[in-house]
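Q: I am new to this structure and would like a short tour. Could we go through it together?
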Amino acid sequence: MNYLEFEKPLAEIEGKAEELRAMARSNTGMDVTKEAEQLDRKADQLLKDLYKDLTPWRKCQVARHPERPHSKDYIEALFQEYTPLAGDRGFSDDHAVMGGLARFNDTPVMVIGHEKGNDTKSRIERNFGMARPEGYRKAVRLMDMAHRFHLPVITLIDTPGAYPGKGAEERGQAEAIARSTAKCLEIGVPLISVIIGEGGSGGAVAFATANRIAMLEHSVYSVISPEGCASILWKDAEKMREAAEALRLTAQDLQKLGVIDRIVKEPLGGAQRGRKETIEAVGKAIETMLKELSGKKPEALIRDRRQKFLDMGSKGLAA
């Protein structure tokens with residue numbers, strides 16, 4: 001387990017409990033059951049206290065935890081007959097965006113998601129989940145296909161933001177994001193988005209302009225990262241805690257503001273401590289949201305989706 005900065009006291013207690021058990025394994029005559037169980041109870045209580053009321057900045061840290069399930073994990077666990085589709089038919093294939101045809105509970109769907117990778121090699125290959133223009137153009141192609149064959153679209157959001165590199169800008173990064181966002185508003189099929197980690201900037205909006213948007217309990221969704229916001233407003237990236245508070249980026253705030261529709265509860269300690277339970281909870285949320293949209297005509301889906309985004313902001317920041 002990788003421990004976050006604020007989890008260091010927990011790491012010490014759990015580490016001591018494991019040391020005792022390791023000593024007992026090497027010395028069969030030693031009985032440390034009571035002492036280890038006492039440390040376990042202490043660790044459980046501390047974990048509850050730490051996660052009882054997380055600050056927005058701590059939620060950012062949890063959302064970025066490298067051991068959280070990523071899009072690939074959800075696709076492998078929740079979807080059957082997944083057939084990946086590659087390339088934007090214009091430049092290349094962007095490995096930061098994965099997508100393809102699949103079945104969800106025996107329903108044919110199109111699934112698209114950001115993928116960060118889970119080790120050094122795959123993270124570099126996936127560009128840490130930061131898509132280039134060809135990634136968004138691939139998503140547009142897949143959404144067009146889904147519209148043509150009347151397939152619901154499910155998107156999984158987990159990106160720090162679109163890749164800001166020189167090559168990406170030269171190939172029309174802003175235009176590609178805008179076209180992907182516009183395509184989300186145009187397709188006449190149910191579009192469901194789940195923010196499973198970071199929902200960063202236009203890179204997330206390009207996939208999340210949906211009929212229904214769900215967020216994991218400790219995920220975040222914002223126009224800019226707290227560090228980037230602090231650098232612009234205060235010329236000091238170390239003020240990221242204040243920026244995280246001001247951005248209203250937590251699932252709880254965004255539900256109050258009408259930006260998202262539902263929050264998917266995570267296991268105690270975050271998705272990284274209960275990957276299987278988290279994936280199952282996301283699957284149930286997707287199933288519920290698909291049922292809510294089933295039977296709706298294409299015109300109604302497009303109209304409702306557009307109105308959803310036109311209404312955003314009507315609740316105000318006082319909500």
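Q: How many residues has the largest nonpolar core, and which have the most contacts inside it?
A: The model is a predicted one. Its largest nonpolar core has 35 residues. Those with the most contacts inside this core are Met 110, Ile 112, Val 153, Phe 207, Tyr 221 and Ile 260.

Q: Which element gives the largest share of this core?
A: Helix 6 does, with six residues.

Q: What other core lies apart from it?
A: Another core, of 25 residues, includes Val 264, Met 289, Leu 290 and Leu 293.

Q: Turning to Ile 213, where is it found?
A: Ile 213 belongs to strand 6, which covers residues 212-216.

Q: Why does Ile 213 count as buried?
A: Ile 213 counts as buried because its relative accessibility is 0%, and buried means under 20%.

Q: What does Ile 213 touch, leaving out residues up to four places away in sequence?
A: Its contacts include Ser 193, Ile 195, Val 259, Ile 260 and Phe 309.

Q: And strand 2, why is it largely enclosed?
A: Strand 2, residues 97-104, is largely enclosed by the rest of the structure because six of its eight residues are buried.

Q: Which way do strand 2 and strand 3 pair, and over how many bridges?
A: They pair in the antiparallel sense over eight bridges. One of the bridge partners is Pro 108 in strand 3, paired with Arg 103.

Q: How many bridges join strand 1 to strand 2?
A: Three bridges join these antiparallel strands, and Thr 83 stands opposite Leu 101 in strand 2.

Methods:
Residues are numbered from 1 along each chain as its sequence is written. This is a predicted model: local features need pLDDT of at least 70, side-chain atom pairs count only at pLDDT 80 or more; totals for chains, interfaces and linings use all residues. Side-chain values use heavy atoms; hydrogens and water are left out. Helices (H or I, at least four residues) and strands (E, at least two) are DSSP runs, numbered from the N terminus. Buried means under 20% relative accessible area, exposed over 50%, partly exposed in between (1.4 Å probe, protein chains only). Contact means heavy atoms within 4.5 Å. A nonpolar core is a set of buried Ala, Val, Leu, Ile, Met, Phe, Trp, Tyr and Cys residues joined through side-chain atoms within 4.5 Å. Two strands pair if DSSP finds at least two bridges between them.
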